[in-house]
Amino acid sequence: MEELRVGEIIKVQVIGSQHYGIFIKCIDDESYTGLIHISEISNDFVKDVSKVAKIDDILYAKVLDVD
């Protein structure tokens, strides 16, 4: 896969969860992993990350930063 670009929407799989966010990996290129902070999961308030996503869930995420 080509390098990810800021603003791109990608398909991801949830690989971990903590009270502060969820860890994900890119489906198309597993070398890309990241964190979706609890404040960025939804436009609405999220109190409990575990109620939004579980391990192995497939989601779509917007790339906010690449480092």
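**Figure 1. Strand order in the open sheet of the predicted model.** Four strands form an open sheet in the order S3-S2-S1-S4, and their pairing is antiparallel. S3 and S4 are the edge strands, each of which pairs on one side only. From one strand to the next, the twist averages 50 degrees.

**Figure 2. Pairing of S1 with S4.** The two strands run antiparallel and are joined by 5 bridges. Within this pairing, Ile10 stands opposite Ala61 of S4. Strand S1 covers residues 9–18, and strand S4 covers residues 58–62.

**Figure 3. The largest pocket and the residues closest to its centre.** The space in this pocket amounts to about 590 Å³. Its lining is made up of 25 residues, of which Ile24, Leu35, Ile36, Lys62 and Val63 are the closest to the centre. Sorted by class, the lining of the largest pocket comprises 17 nonpolar, 4 polar and 4 charged residues.

**Figure 4. Contribution of the strands to the lining of the largest pocket.** At least two lining residues are supplied by each of strand S1 (9–18), strand S2 (21–26), strand S3 (33–37) and strand S4 (58–62). The largest share, 5 residues, comes from S3. In the sheet, S3 is an edge strand, as is S4.

Methods:
Residues are numbered from 1 along each chain as its sequence is written. This is a predicted model: local features need pLDDT of at least 70, side-chain atom pairs count only at pLDDT 80 or more; totals for chains, interfaces and linings use all residues. Side-chain values use heavy atoms; hydrogens and water are left out. On a 1 Å grid over the protein atoms alone, a cavity is a set of points where a 1.4 Å probe fits but cannot get out, and a pocket is an open set with protein on both sides within 12 Å along at least five of seven lines; lining residues have an atom within 4 Å of a point. Grid points are joined across faces, edges and corners, and a volume is the space filled by probe spheres set on the points. Ala, Val, Leu, Ile, Met, Phe, Trp, Tyr, Cys and Pro count as nonpolar, Asp, Glu, Lys and Arg as charged, and the others, Gly among them, as polar. Two strands pair if DSSP finds at least two bridges between them. Axes are lines fitted to C-alpha atoms, for helices over the stretch in contact, and angles run from 0 to 180 degrees between N-to-C directions.
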